[in-house]
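Here's a quick briefing to read with the model open in your viewer. It starts with the chain contact and then works through a few spots worth a look.

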Amino acid sequence: MSTATIQIETRHDPEDAVRKALAAGTPPARAGALSTVLTFGWRGMLKIKHVPEQLLDVTLTPVLIVFLFTYMFGGAIAGSTGEYLQYLLPGMLVMSLLFSTVYSGVGLNTDATNGVVDRFRSLPIPRPSPLIGAVLGDSVRYLVGASVIVGVGMALGYRPEAGLVGIVMAVALVVAFAFGLSWFFAAVGLLMRAPRAVSAAGSMALFPLVFLSNVFVEPETLPGWLEAFVDVSPISHLASAARALMAGTVPGLELTVSLGTAALLTAIFAPLTTYLYHRN
Amino acid sequence: MSAFSTLAIEASGLKKSFGTSRAVCGVDLAVPRGSVYGILGPNGAGKTTTIRILATLVRPDAGEARVLGHDVVRDADAVRGAISLTGQLASVDEELTGEENLILLGRLLGFRHGRAKARAAELLDAFDLVEAAGRLVKGYSGGMRRRLDIAASIIVTPELMFLDEPTTGLDPRSRNQLWDIVRALAAGGTTILLSTQYLEEADQLADEIAVIDHGRVIAEGTPRQLKASVGSGALHVRLLDADRRADAAHILSRTLAADVHVEPDAAALSAPGADADQAAEAIGELSRAGIGVATFSLGQPTLDEVFLALTGDRTEQEEATDVMTATERNAA
C-alpha cells in the first residue's frame with residue numbers, strides 16, 4: 001500500500017518578513033545638516049568607485065595636452081621644453097580642474113532624469129544638502145585630477161620653487177575656484193535636457209576661455225585687442241596666482257580676483273541651483 | 001475624535017497647470033488614517049501630479065491639502081518627516097548597489113553608518129534582495145527595483161506611504177509579490193495612497209477608490225460600490241470552430257438578453273452584463289447546441305468599462321486595456 005505524502009515546502013513568508021521589517025523601523029533623531037551634506041558627498045565617492053572611468057576623461061586629456069604642448073611647442077614658445085613646462089604646468093592644473101567642473105552639471109542632470117531626486121526631495125533634510133554634498137564630492141575629484149597633473153609634471157621635470165607648500169597652496173586655490181565654477185555648471189545641468197548636452201556645452205564654453213588666457217602663452221605676444229581680453233579673464237588671474245604660489249612669490253590682485261570670482265559664482269549659482277533642483 | 005485626527009489626507013480644490021496643460025483641476029480627497037486608498041485613472045489623468053502635490057514635490061496653484069494634519073505648502077518639512085514616496089520612476093539610485101541605496105537613505109534619515117548598514121541588511125532580507133545586494137541597481141529587473149524602492153520607503157516606518165503606479169510594467173509574478181507586500185504594509189497600520197491604471201489592482205488592495213479623469217475626481221467609493229455602478233463584467237467565449245460564431249452569438253444574445261460583440265479573433269465573442277449564473281447557463285446552451293467552447297471567462301469590468309460607464313466616453317487607454325483583457329482571456 002502506498003502512502004501519498006504531501007510535502008509542504010516551508011518557505012520564506014514575504015508578508016511576515018515585511019511586517020517584521022516594518023515594525024523594526026523606529027525613527028532615529030533627524031540627521032544634522034552637516035551629516036546629510038557629508039552623506040551626499042559619500043554618494044559621489046561611491047559613484048567614482050563604481051565607474052572609475054569617469055575620472056579618465058578629466059585627468060587623461062590634460063596629461064596629453066601637457067605632453068603635446070611641452071614637446072611639440074615648448075621649444076618654439078619658450079626656447080626649450082624644460083623652460084616651457086615650468087610656465088605651462090600651473091596653467092594645466094587650472095585647465096584640468098576647470099574641465100572637471102562640467103561634471104557637476106552632468107551628474108545633476110543624470111539625477112534629474114532619474115526618479116531618485118523625487119526621493120531626496122521628499123526626505124526631511126535641509127534643502128541645499130543634496131547639492132552642497134554633490135559639489136563637495138566633486139571637489140575630491142578635483143584633488144585627484146590635481147595630483148595626477150602635478151605628478152606628471154614633476155616626472156617630466158617640473159620643479160616648483162616654493163616646493164610642496166607652494167603646490168598645496170596652488171592646488172587649494174584652484175580647487176576653491178573650481179568649487180565656485182561647479183555651481184555654475186550645476187545650474188546649467190539642471191536647465192539642460194540631457195547629460196550629453198551639458199558636457200558638450202561645458203566643453204564648448206571652456207575651451208575658448210582657457211585658450212584665451214595666459215595658460216599657454218605670455219599675453220605680451222598677442223595682438224593688443226586680444227591681450228586686453230586675456231588680461232581681464234579670471235582664468236588668467238587664476239593661472240597667474242597659481243604660478244605665483246608655486247614659484248614662491250606672493251600673488252596680490254590675482255589672488256583677490258580668483259577668490260572673489262569663486263565667491264561670486266557660489267553666491268549667485270548655489271541658491272539658483274537649489275531653487276532649480278526643488279522647483280516643480 | 002475630530003476629523004483632523006481621523007483623516008491622513010484632506011485635500012480640497014487642488015489645481016495645478018504646467019504651461020498650458022492643466023494637470024489637476026480641482027481635486028478633493030479625504031483619506032482615512034490606516035486605510036489603503038486607491039487613485040484610479042488612465043495615463044495623464046492627474047494621478048502623479050496629485051501625489052506629487054501631497055508629497056510636497058509640487059506646489060499647487062490653488063487649493064489646500066493637509067497631510068497628517070500638516071499643510072503641504074506651509075509646513076512641508078513636517079509632512080516630509082512623516083511620509084515616504086515611491087515614485088513612478090523607481091526612486092532609487094541606479095548607479096549604486098541595492099545595499100548602498102539603503103545605507104545612503106538610512107543615513108539621510110538620521111541613522112549612523114553602522115545602524116544604517118544593519119537596517120539595510122534587515123530590509124534586503126525581508127524583500128528577498130540579499131543576493132542582489134552588492135549589484136548595481138542598473139542591472140535589476142523591474143520587480144527587484146520596485147521591491148528595493150519600497151524597502152527604501154520603510155527604512156523608517158512612515159505614517160503615510162505614497163505608491164505611484166507600483167506595478168506598471170511588471171510581470172504577473174512580480175505584480176503578485178508586490179501586492180503581498182502592500183497588504184503587509186497595510187496590515188502593519190501604515191496608511192497607503194496608491195495610484196493605478198488597473199481596476200483589478202485597486203480592487204485587490206484598496207479600501208476606497210477615487211476615479212480620476214482629466215484632473216478631476218469623477219467617482220469615489222469602495223471597490224464594491226464602484227463595480228456595482230458599472231454593472232457586472234463581460235462573458236468572453238472562444239469557440240473551437242470559428243464557423244459556428246454566428247450561431248453562438250445568436251444563442252448568447254438570447255440567453256443573456258445582451259448585445260453580443262464579435263472580437264477581432266474570428267473564434268471569439270463577448271457579451272457584457274453577465275453574472276456567474278447567467279454565464280453558466282449560456283455556456284450550457286452552447287454545449288447543448290453542439291457548439292464547442294475552447295475557453296471562456298467571466299471578466300471583471302475593465303477600467304475601460306468603468307470609464308465608459310462613468311463618463312460615457314471611451315478612454316484614451318482603450319488600446320492598453322484591450323491588450324490587458326486579451327491577456328486575461330488567454331490566461332483563462
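**Where the chains meet**

The contact draws 45 residues from chain B and 35 residues from chain A; two residues count as in contact if their C-beta atoms, placed from the backbone, lie within 7 Å. On the chain B side, the elements giving two or more residues are helix 3 (76–80), strand 6 (83–86), helix 4 (98–108), helix 5 (113–126) and helix 7 (172–187) of chain B. Helices (H or I, at least four residues) and strands (E, at least two) are DSSP runs, numbered from the N terminus.

This is a predicted model, where local features need pLDDT of at least 70 and side-chain atom pairs count only at pLDDT 80 or more, while totals for chains, interfaces and linings use all residues. Residues are numbered from 1 along each chain as its sequence is written, and chains are lettered from A and ligands numbered from 1 in the order in which they are written.

**More on the chain B side of the contact**

- Helix 7 of chain B gives the most to the side that touches chain A, with seven residues.
- By class, that side of chain B has 24 nonpolar, eight polar and 13 charged residues. Here Ala, Val, Leu, Ile, Met, Phe, Trp, Tyr, Cys and Pro count as nonpolar, Asp, Glu, Lys and Arg as charged, and the others, Gly among them, as polar.

**Chain B at a glance**

- Chain B has 13 helices and 14 strands.
- Of its 332 residues, 48% are buried, meaning that 20 or more other C-beta atoms lie within 10 Å of the residue's own, with C-beta atoms placed from the backbone (exposed is 12 or fewer, partly exposed in between).
- Take the contacts in chain B with a separation of 6 or more: 66% of them join residues 24 or more positions apart.

- Strand 7 (residues 160–164) of chain B is largely enclosed by the rest of the structure, because five of its five residues are buried.
- Both faces are covered, with B:Leu160, B:Phe162 and B:Asp164 buried on one side and B:Met161 and B:Leu163 on the other. In a regular strand the side chains alternate between the two faces of the sheet.
- Strand 6 of chain B runs parallel to strand 7 of chain B, joined by four bridges; strands pair if DSSP finds at least two bridges between them. B:Leu85 sits opposite B:Phe162 in strand 7 of chain B.
- Strand 8 (residues 191–196) of chain B also pairs with strand 7 of chain B in the parallel sense, over five bridges. B:Leu160 has B:Thr191 in strand 8 of chain B as its bridge partner.

**A hairpin in chain B**

- Strand 9 (residues 208–213) and strand 10 (residues 216–221) of chain B pair in the antiparallel sense over five bridges.
- These two strands form a hairpin with two residues between them, and B:His214 in the turn has a positive phi of about 50°.
- B:Asp213 has B:Arg216 in strand 10 of chain B as its bridge partner.

- Buried residues in helix 3 of chain A include A:Val58, A:Pro62 and A:Phe69, and their cover includes helix 4 and helix 6 (129–155) of chain A.
- A:Val106 is in helix 4 (residues 81–112) of chain A and counts as buried because it has 22 C-beta neighbours inside 10 Å.
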